Amino acid sequence: MIEVLTTTDSQNLLHQLNALLEQESRCQPKVQPKHLGCVGLSCFYLAVKSIEEERNVPLATDLIRISQYRFTVSDLMRMEKIVLEKVCWKVKATTAFQFLQLYYSLIQENLPFERRNSLNFERLEAQLKACHCRIIFSKAKPSVLALSILALEIQAQKCVELTEGVECLQKHSKINGRDLTFWQELVSKCLTEYSSNKCSKPNVQKLKWIVSGRTARQLKHSYYRISHLPTIPEMVP
């Protein structure tokens, strides 16, 4: 299937896929559980700094105080440097969502127009989000997780004509059959539990950062002080 794709769109998609596959190994986590808090907060801080204006970026000390972690600002900055080196200073790391988009698009390219509604990408995206709620899936390679979800959905929708396409994507991505089967089983179990009545909603209280009145006053004072700093006047030529 993939070997005979000749359209410009297909070739562009394959080029993107090859680039992601090359970057994928650099972004695989090898982190001790005791470091997850620091890793998570440093990644959050990097994301904020990459998309927000400078005046909206919180102080590192305030983030640590709100999160109630015990590490220091130096620990956070050191972990931030480690994360950046891990992803070769490219903040936008390779993700399973990117692979899912590309795999889906390549599959769609080889379907007759009238059959292109067989797979719903929003449904695939929702399944990926459900998997990301489980810590176990952080150990899966993004390409393997994405292809596992796509392959299971193709089976569920009984799109037999797409089976060969999945096999070609697996071959092109150099995904071991045993690995794919292993993660497919975990994905299937996760989605079954997620859609069952036994899957309880998360405790909203546990998803909130709770700060004391004293901490809240300190944060308010910090932001008040920053927002009232004098601006540097522009130089008039």
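**Figure 1. Surroundings of Leu 100 in the predicted model.** Leaving out residues up to four places away in sequence, Leu 100 touches Phe 121, Leu 124, Glu 125, Leu 128 and Ala 146. The model is predicted, and this legend, like those below, describes computed geometry. Leu 100 belongs to helix 5, which spans residues 96–109. With a relative accessibility of 0%, Leu 100 counts as buried. A further pairing is with Pro 142, which lies 42 residues away from Leu 100 along the chain. The C-alpha atoms of Leu 100 and Pro 142 are separated by 8.7 Å.

Figure 2. Glu 125, one of the residues touched by Leu 100, forms a salt bridge with Lys 129. The closest N and O atoms of this pair are 3.7 Å apart. Both residues lie in helix 6, residues 121–132, and their spacing of 4 residues is about one turn of the helix. In an α-helix there are 3.6 residues a turn, so residues three or four places apart point the same way. Glu 125 counts as partly exposed because its relative accessibility is 23%, a value that falls between the 20% limit for buried and the 50% limit for exposed residues.

Figure 3. Glu 80 is located in helix 4. Its relative accessibility is 10%, so Glu 80 counts as buried. When neighbours within four places in sequence are set aside, the contacts of Glu 80 are Ser 42, Tyr 45, Leu 46 and Lys 49. With Lys 49, Glu 80 forms a salt bridge in which the closest N and O atoms are 3.0 Å apart. Because Lys 49 lies in helix 2 and Glu 80 in helix 4, the pair ties together parts that are 31 residues apart in sequence. The two partners fall into separate accessibility classes: Lys 49, at 35% relative accessibility, counts as partly exposed, whereas Glu 80 counts as buried.

**Figure 4. Salt bridge between Arg 55 and Glu 53.** Arg 55 forms a salt bridge with Glu 53, and the closest N and O atoms are 3.0 Å apart. Arg 55 counts as exposed, with a relative accessibility of 66%. For Glu 53 the relative accessibility is 46%, so this residue counts as partly exposed. The salt bridge count for the model comes to 8.

**Figure 5. Crossing of helix 3 and helix 4.** Two packed helices are described by the angle between their axes and the distance between the axes. Helix 3 comprises residues 60–67 and helix 4 comprises residues 73–86; their axes come within 9 Å and cross at roughly 105°. Helix 3 and helix 4 are therefore roughly perpendicular to each other, since angles of 65 to 115 degrees fall in that class. On the side of helix 3, Ala 60, Thr 61 and Ile 64 take part in the meeting of the two helices. Their counterparts in helix 4 are Val 73, Leu 76 and Met 77.

**Figure 6. Burial of helix 3 and the residue that follows.** Helix 3 is largely enclosed by the rest of the structure, because 6 of its 8 residues are buried. The buried residues of helix 3 are Ala 60, Asp 62, Leu 63, Ile 64, Ile 66 and Ser 67. After helix 3 comes Gln 68, which has a positive phi near 65°.

**Figure 7. Nonpolar surface patch including Val 31.** Val 31, Leu 36, Ile 135 and Ile 136 make a nonpolar surface patch of about 340 Å². Val 31 is placed in the loop between helix 1 (8–24) and helix 2 (36–51). This residue counts as partly exposed because its relative accessibility is 38%.

**Figure 8. Gln 11 and Leu 106, with the chain as context.** Gln 11 is found in helix 1 and, at 44% relative accessibility, counts as partly exposed. Gln 11 and Leu 106 are 95 residues apart along the chain, and their C-alpha atoms are separated by 9.5 Å. Across the chain, 77% of the contacts between residues at least 6 apart in sequence join residues at least 24 apart. The chain contains 10 helices and 0 strands. Of its 237 residues, 36% count as buried.

Notes: Residues are numbered from 1 along each chain as its sequence is written. This is a predicted model: local features need pLDDT of at least 70, side-chain atom pairs count only at pLDDT 80 or more; totals for chains, interfaces and linings use all residues. Side-chain values use heavy atoms; hydrogens and water are left out. Patches are made of residues with over 30% relative accessible area and no salt bridge: like charges are joined within 9 Å, nonpolar side chains (Val, Leu, Ile, Met, Phe, Trp, Tyr) within 5 Å. Accessible areas come from the Shrake-Rupley method with a 1.4 Å probe; for residues, only the protein chains shown count as cover. A salt bridge is a side-chain nitrogen of Lys or Arg within 4 Å of a carboxyl oxygen of Asp or Glu. Buried means under 20% relative accessible area, exposed over 50%, partly exposed in between (1.4 Å probe, protein chains only). Axes are lines fitted to C-alpha atoms, for helices over the stretch in contact, and angles run from 0 to 180 degrees between N-to-C directions. Angles under 35 degrees count as roughly parallel, over 145 as roughly antiparallel, 65 to 115 as roughly perpendicular and the rest as oblique. Contact means heavy atoms within 4.5 Å.
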